[in-house]
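This briefing sets out the architecture of a two-chain assembly, topic by topic. Please read it alongside the sequence and the structure shown here.

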Amino acid sequence: MTTTLSKPAPTGTQASPQRGSGMGRRLRKLNLPAGAAGWIWLAVIIIPIYYIAVTSFKSQAGYFSQNPLALPAHPTLENYRMVLANDFGRYFLNSVIVTVGSTVPAVAFSFMASFAIVRGRGKFLKGVNALFLMGLAIPLQATIIPVYLLIIKMHLYDSLLALVLPSIAFAIPLTVLILSNFIRDVPNELFESMRLDGCSEWQTMWRLALPLTKPAIVTVAIYNGLGVWNGFLLPLILTQSPELRVLPLALWSFQGQYSVNIPAVLASVVLTTLPILVLYILGRRQLLSGLTAGFSK
Amino acid sequence: MTATTSLSALGTGAQSKGKTGSLAWLVLPALALFLLFAIAPLAGVLLLSFANWDGIGSISFAGAANWLRTFADPMMYHALGLTFIIMAVSWLIQTPISLLLGVFSAGSQKYRALLAVLYFLPLLLSSAAIAIAYKSLLDPNFGLAAGLHLPILAQDWLGQPQLALGVVIFVVSWQFIPFHTLIYQGGVRQIPRQLYEAAEIDGAGRFKQFVYITVPQLKYTIITSSTLMVVGALTYFDMIFVLTNGGPGNATRNLALDMYLTGFKANQMGQASVTAVILVALGLGLALLLQRLGGKDKNGSQLEGL
């Protein structure tokens with residue numbers, strides 16, 4: 001997720017509009033090879049996911065005796081009970097704290113910075129913008145060693161805050177790029193009328209720019225949130241205590257500990273993904289446009 | 001009279017000054033965090049590459065020792081080679097499949113929309129979850145081979161160097177094709193419909209339309225997607241770490257994993273920082289190169305006459 005220097009489209013729903021235009025009519029003719037390939041690809045995607053799901057409901061005996069792709073002969077929730085009994089609730093809470101704790105400030109700070117960059121003038125703001133743009137081209141994961149040193153020096157090692165602060169920083173470049181493109185699209189007359197009404201820039205930001213860029217804000221929040229929720233490198237390096245594990249890390253150590261009990265391990269995989277799956281079902285459009293935020297043509 | 005003009009002059013002066021002045025502070029929280037946790041570490045990684053540090057004790061100056069040791073170390077070249085192999089092969093696999101799937105899922109048929117919903121499911125899974133699932137799926141006795149009754153799939157997938165590398169490339173592709181499909185789907189939807197109508201009138205078939213309209217129109221999407229794939233390939237870490245931990249032997253130890261193992265397992269942070277500097281330089285270089293490839297005629301003549 002490191003770099004793109006291309007300018008995003010000015011609207012927030014890059015993935016969904018113009019449905020049926022462009023390719024639509026052309027493809028309505030029957031295209032058998034494409035259809036067949038489409039179904040084959042579905043199998044490639046679905047079989048592993050199906051396997052995770054069915055196996056998580058099997059007993060260990062069932063896992064060893066049944067066909068791996070068959071539905072469980074005696075479905076059991078024992079695996080889920082076991083995962084939940086293994087402090088899953090705490091890891092879930094840690095993940096929520098880290099995800100919300102880094103996504104909200106990252107988006108808020110980036111929004112304020114974007115507003116200043118678009119509305120303000122001067123070399124300072126131009127320089128800051130250039131710095132953020134440069135950040136897009138740097139694989140920030142490669143700077144993990146100095147980040148580790150910094151976290152130790154700040155006496156934050158092995159705390160959730162140690163995960164939050166770098167996550168915010170890593171999210172800023174892309175978030176600023178996307179949000180400033182949106183704020184730039186707000187008609188100047190609206191800013192002007194706010195000024196004539198005697199509003200300060202601070203009020204204009206919250207009362208005008210914020211409501212008008214709300215779709216973009218939701219989009220970047222989802223994009224950043226998913227990245228933090230599934231993040232593995234920062235928790236692996238910056239925390240150590242079992243009680244501070246976030247879900248991906250808990251998944252990994254659970255797998256190391258119970259490597260013989262595959263159904264339980266796969267139940268933990270299902271449980272860590274469940275919240276995002278619910279989100280996907282509720283707001284697929286938002287989630288998908290969040291994922292491609294800033295990468296459109 | 002003079003008082004009012006000077007007052008109004010003062011007023012506008014103060015206002016314009018006050019505007020930038022009152023706005024500039026808004027960037028400070030973002031700027032401070034970015035400087036501290038992104039820019040300073042960028043400088044830090046370069047400094048640490050000239051230092052001795054075991055990750056716990058004190059840091060001392062090492063001169064060019066780390067650099068000399070890294071470039072004399074066959075492991076670095078091995079890891080670098082692997083990184084490029086994974087990058088190239090996974091690009092070759094991911095790009096055509098993502099492009100075709102993007103075109104396919106942008107179609108207006110109902111079943112395609114439904115399939116697309118399922119295609120994107122891997123996006124929801126963390127790398128750790130994917131690696132763990134594949135570990136059990138590839139088990140020769142209780143995995144896919146037994147499930148499909150295909151003995152050819154019953155290999156020691158993660159135990160043989162060549163096979164393990166193949167598995168890593170396959171899983172990387174499985175994980176990231178959905179994301180790139182999404183990018184291509186967005187790109188395809190922006191292609192003007194008139195181009196296809198004109199082609200149809202000229203009697204161009206489906207294949208010709210794909211080759212002469214779809215692919216050229218997707219040029220910038222291809223560049224964006226490729227940039228993300230290539231630069232992303234440099235930092236593939238978590239999935240490989242959980243799936244093989246670089247093994248068997250060092251068969252899947254790419255640069256990112258080599259950096260982690262050298263730094264945090266062998267406690268040689270200085271030498272690991274050299275690897276990190278190489279990664280940053282490669283990332284910047286590749287990103288700039290790919291942008292240069294496509295950046296020139298951004299407003300070229302592809303849409304002329306529309």
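UniProt, in an unreviewed entry, annotates the span as a "transmembrane region" of chain A. The model is predicted.

**Annotated spans of chain A**

- The UniProt annotation "transmembrane region" (unreviewed entry) covers residues 30-53, 91-118, 130-151, 163-183, 216-238 and 258-282 of chain A.
- Residues 258-282 of chain A are 84% helix and 0% strand, with 33 Å between the end C-alpha atoms.
- UniProt also gives "domain: ABC transmembrane type-1" (unreviewed entry) for residues 92-283 of chain A.

**Annotated spans of chain B**

- For chain B, UniProt places "transmembrane region" (unreviewed entry) at residues 23-51, 76-101, 113-134, 163-184, 218-237 and 269-290.
- Residues 113-134 of chain B are 68% helix and 0% strand, and their end C-alpha atoms are 27 Å apart.
- Residues 218-237 of chain B are 80% helix and 0% strand, and their end C-alpha atoms are 30 Å apart.
- The feature "domain: ABC transmembrane type-1" (unreviewed entry) is listed by UniProt at residues 80-290 of chain B.
- That span of chain B, residues 80-290, is 75% helix and 0% strand, with end C-alpha atoms 20 Å apart.

**Secondary structure, burial and contact range**

- Chain A contains 14 helices and 0 strands, and its order along the sequence is α-α-α-α-α-α-α-α-α-α-α-α-α-α.
- Chain B contains 14 helices and 2 strands.
- Chain A has 297 residues, of which 50% count as buried; chain B has 306 residues, of which 46% are buried.
- Among contacts in chain A with a separation of 6 or more, 78% join residues 24 or more positions apart.
- The corresponding share in chain B, again for contacts with a separation of 6 or more, is 69%.

**Domains of chain A**

- The domain assignment divides chain A into domain 1 (32-76) and domain 2 (87-291).
- The centres of domain 1 and domain 2 of chain A, taken over C-alpha atoms, are separated by 34 Å.
- Contact between these domains of chain A involves 8 residues of domain 1 and 7 residues of domain 2.
- On the domain 1 side of this contact, helix 2 (32-56) and helix 3 (60-65) of chain A are the elements that give two or more residues.
- Helix 2 of chain A contributes the most to that side, with 4 residues.
- By class, the side of domain 1 of chain A that touches domain 2 comprises 3 nonpolar, 4 polar and 1 charged residues.

**Contact between the chains**

- The contact between chain A and chain B takes 94 residues from chain A and 91 residues from chain B.
- Helix 2 of chain A supplies the largest share of the chain A side, 10 residues.
- The side of chain A that touches chain B has 61 nonpolar, 25 polar and 8 charged residues.

**Nonpolar core**

- The largest nonpolar core holds 175 residues, and the members that touch the most others are A:Ile172, B:Ala30 and B:Leu279.
- Helix 7 (residues 160-184) of chain A gives the largest share of this core, 16 residues.
- At least three residues of the core come from each of domain 1 (32-76) and domain 2 (87-291) of chain A.
- Beyond its neighbours within four places in sequence, A:Ile172 is in contact with A:Ala106, A:Phe109, A:Ser110 and A:Phe132 of chain A, and with B:Ala30, B:Leu33 and B:Phe34 of chain B.

**Helix 2 of chain B**

- Helix 2 (residues 28-48) of chain B has a kink of about 40°, centred on B:Leu35.
- The buried residues of helix 2 of chain B are B:Ala30, B:Leu31, B:Leu33, B:Phe34, B:Phe37, B:Ala38, B:Pro41, B:Gly44, B:Val45 and B:Leu48.
- Among them, B:Ala30, B:Leu33 and B:Phe34 are in contact with A:Ile172.

Definitions and conventions:
Residues are numbered from 1 along each chain as its sequence is written. Chains are lettered from A and ligands numbered from 1 in the order in which they are written. This is a predicted model: local features need pLDDT of at least 70, side-chain atom pairs count only at pLDDT 80 or more; totals for chains, interfaces and linings use all residues. UniProt positions are given in the numbering used here, feature names are shortened, and annotations may be inferred rather than shown by experiment. Domain bounds come from an automatic or database domain assignment. Two residues are in contact if their C-beta atoms, placed from the backbone, lie within 7 Å. Ala, Val, Leu, Ile, Met, Phe, Trp, Tyr, Cys and Pro count as nonpolar, Asp, Glu, Lys and Arg as charged, and the others, Gly among them, as polar. A residue is buried if 20 or more other C-beta atoms lie within 10 Å of its own, exposed if 12 or fewer, and partly exposed in between; C-beta atoms are placed from the backbone. A nonpolar core is a set of buried Ala, Val, Leu, Ile, Met, Phe, Trp, Tyr and Cys residues joined through C-beta atoms within 7 Å. The bend at a residue is the angle between axes fitted to the seven residues ending there and the seven starting there.
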